[in-house]
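Morning, everyone. Let me put the structure up, and then we will walk through it.

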Amino acid sequence: MANQETGSSSSSAPQGHQVQLQQEEEELLSIYGAESGWVEARTSCDHLASLSADLAHIPTPDTPCYRCQHPNENWLCLCCKDVLCSRFVNKHMLQHFQQSNHCLALSYSDLSVWCFSCDAYLDAQVIMQLRPVYETAYILKFGEAPPFRTV
């Protein structure tokens, strides 16, 4: 009987190790694989009509959050031009969307554009209505015009 127990535990040890390896692989995939990584920005959005009429004059990228004065991770509302912090700080831009339904925002961190209603990034270099505000933000942040890719 002792031999049977030893035999069964030794045969289950490789299975246990295999299960552990599979769990580690799944965890790595969730961190680095299909659930994260490259995000394809949308090239169209049904909410562009809500853009502010004057996006040539925007607050500078170093503008703190209007509500909490946090200096980093801030977003520009492309509907009313308020500057509010990200969901990784105090979530003021997210709250602004929930209260006002202003769904388009530009990140002053990386100049990406997010549509809260579409729950997606928008390609500011392809969507012509977004190019002017992207270019203005880029010039304010880096002091030179952006190198637009050909589309």
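Start with the aromatics. Ring pairs link Phe 97, Trp 114, Phe 116 and Tyr 121 into a cluster. Rings here means those of Phe, Tyr and Trp, the last by its six-membered ring, and they pair if their centres lie within 6.5 Å. Planes under 30 degrees apart count as stacked, over 60 as edge-to-face, and the rest as tilted.

Before going on, the ground rules. This is a predicted model, where local features need pLDDT of at least 70 and side-chain atom pairs count only at pLDDT 80 or more, while totals for chains, interfaces and linings use all residues. Residues are numbered from 1 along each chain as its sequence is written, and side-chain values use heavy atoms, with hydrogens and water left out.

Back to the rings. How many aromatic pairs does a search of the whole structure find? Five. Take Trp 114 and Tyr 121: the ring centres are 4.7 Å apart and the planes stand at 75 degrees, so this pair is edge-to-face. Trp 114 is buried at 14% relative accessibility. Tyr 121, at 30%, is partly exposed. The cut-offs: buried is under 20% relative accessible area, exposed is over 50%, and partly exposed is in between, with a 1.4 Å probe and protein chains only.

Now Tyr 138 and Phe 142. Their ring centres are 4.7 Å apart with planes at 50 degrees, so we call the pair tilted. Why are these two about one helical turn apart? Because they sit four residues apart in helix α3, residues 131–142. Tyr 138 is buried at 14% relative accessibility, and Phe 142 is partly exposed at 45%.

Next, the overall layout. The protein chain has three helices and five strands. Along the sequence the pattern reads α-β-β-α-β-β-β-α. These elements are DSSP runs numbered from the N terminus: helices are H or I with at least four residues, strands are E with at least two. Of the 151 residues in the protein chain, 35% are buried. Residues 24 or more positions apart account for 50% of the contacts with a separation of 6 or more. A contact means heavy atoms within 4.5 Å.

On to the strands. Strand β1 covers residues 74–77, and both of its faces are covered. Asn 74 and Leu 76 are buried on one side, Trp 75 and Cys 77 on the other. β1 runs antiparallel to strand β2, residues 83–85, through three bridges. DSSP must find at least two bridges for two strands to pair. The two form a hairpin with five residues between them, and Lys 81 in the turn has a positive phi of about 70 degrees. β1 also runs antiparallel to β3, again with three bridges. Look at Trp 75. Trp 75 stands opposite Leu 84 in β2 and opposite Ser 107 in β3.

That brings us to Ser 107. Ser 107 lies in strand β3, residues 104–107, and counts as buried at 4% relative accessibility. What does Ser 107 touch, not counting residues up to four places away in sequence? Asn 74, Trp 75 and Ser 112. Asn 74 is 33 residues away along the chain, yet the two C-alpha atoms are separated by 6.2 Å. The side chain of Ser 107 also reaches the backbone nitrogen of Ser 109 at 3.1 Å. A polar contact of 3.2 Å joins the side chains of Ser 107 and Asp 110. A polar contact is a pair of N or O atoms within 3.5 Å; within protein, one must be able to donate a hydrogen and the other to accept it, and residues adjacent in sequence count only if both atoms are side-chain atoms.

Then His 96, in helix α2, residues 92–100. His 96 is buried, with a relative accessible area of 7%. The side chains of His 96 and His 102 make a polar contact of 3.1 Å. Beyond its neighbours within four places in sequence, His 96 contacts several residues, including Arg 67, Cys 77, Cys 80 and Asp 82.

Last, the cysteines. The whole structure has zero disulfides, taking a disulfide as a pair of cysteine sulfur atoms within 2.5 Å. For Cys 65, the nearest cysteine sulfur is that of Cys 68, 3.7 Å away. Cys 65 is buried at 0% relative accessibility. For Cys 79, the nearest is that of Cys 77, at 4.4 Å. Cys 79 is buried too, at 14%.
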